[in-house]
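Take a look at the sequence and the fold shown here. The report that follows walks through a few places in turn.

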Amino acid sequence: MTNDEILFDAEERMEKAVSVFRDELRGLRTGRATPALVDNIRVEYYGSPTPLKQLAQISTPDAQQILIRPFDQGSLKDIEKAIRSSDLGMSPNNDGKMIRLVVPPMSGEQRQKMVARIKKSAEEARVAIRNIRRDANKHFDQAEKNKEMTEDERDKGKDEVQSLTKKFEDRVGELADKKTKEVLEQ
């Protein structure tokens, strides 16, 4: 692999790690209603687990409520069942046409647990990024060993990988700080 190929692969994989972390944060409860809270819910629909957003229109009329309007009224019970069995901690109110989810305000203890969960997820994302750095460094060492590049090129490549790692770790930190602030504000 050439220097550019190794760097491109590492950057692409680090970007994916940050993206996974961002998606994980989107689904966390902050005491404010957002359609992203129900994004990862899968509904058993005609025998296959289907994402809720493919079965219904999801909206937030106010900061404490999520409205779910199924495209097919027959799937209402299945959607309600999926929400009840999820780890959301909210009970759906079914009026026969749509489902309302009331997002309860979070207690101080719940907020601290959520902050701890954000920190844990952020650290997992950082570990994933560091593992990608380790793999890229191995590629540089192997390329130098196979006489595909010089020692100087290898060292320069490793420095570039380190700066990529720093950039993506900082991005994870920013996302985590922003979400923590959102959770802690009332």
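A polar contact of 2.5 Å links the side chains of Ser121 and Glu24. (A polar contact is a pair of N or O atoms within 3.5 Å; within protein, one must be able to donate a hydrogen and the other to accept it, and residues adjacent in sequence count only if both atoms are side-chain atoms.) This is a predicted model, in which local features need pLDDT of at least 70 and side-chain atom pairs count only at pLDDT 80 or more, while totals for chains, interfaces and linings use all residues. Residues are numbered from 1 along each chain as its sequence is written, and side-chain values use heavy atoms, with hydrogens and water left out.

**Two helix residues**

Ser121 sits in helix α4 (residues 108-145). Helices (H or I, at least four residues) and strands (E, at least two) are DSSP runs, numbered from the N terminus. Ser121 counts as buried because its relative accessibility is 8%. Buried means under 20% relative accessible area, exposed over 50%, partly exposed in between (1.4 Å probe, protein chains only). Thr180 belongs to helix α5 (residues 151-184). Thr180 is also buried, because its relative accessibility is 16%.

The table lists their contacts (heavy atoms within 4.5 Å), leaving out residues up to four places away in sequence.

| Residue | Relative accessibility | Touches |
|---|---|---|
| Ser121 | 8% | Phe21 and Glu24 |
| Thr180 | 16% | Val115 and Ile118 |

**A hairpin**

Strand β1 (residues 42-45) joins strand β2 (residues 48-51) through four bridges, and the two run antiparallel. Two strands pair if DSSP finds at least two bridges between them. Glu44 stands opposite Pro49 in β2. Two residues lie between the strands of this hairpin, where Tyr46 takes a positive phi near 50 degrees.

Which residues of β1 are on its covered face, and which on its uncovered one? Val43 and Tyr45 are on the covered face; Arg42 and Glu44 are on the uncovered one. In a regular strand, side chains alternate between the two faces of the sheet.

**An open sheet**

Four strands form an open sheet in the order β3-β4-β6-β5, with antiparallel pairing. Its edge strands are β3 (56-62) and β5 (93-94), each pairing on one side only. Five bridges hold β3 to strand β4 (residues 65-70), again in the antiparallel sense. Ser59 has Leu67 of β4 as its bridge partner.

Helix α3 (residues 76-85) lies across β3, β4, β5 and β6 (99-102). Helix α3 runs at about 20 degrees to β6. Axes are lines fitted to C-alpha atoms, for helices over the stretch in contact, and angles run from 0 to 180 degrees between N-to-C directions.
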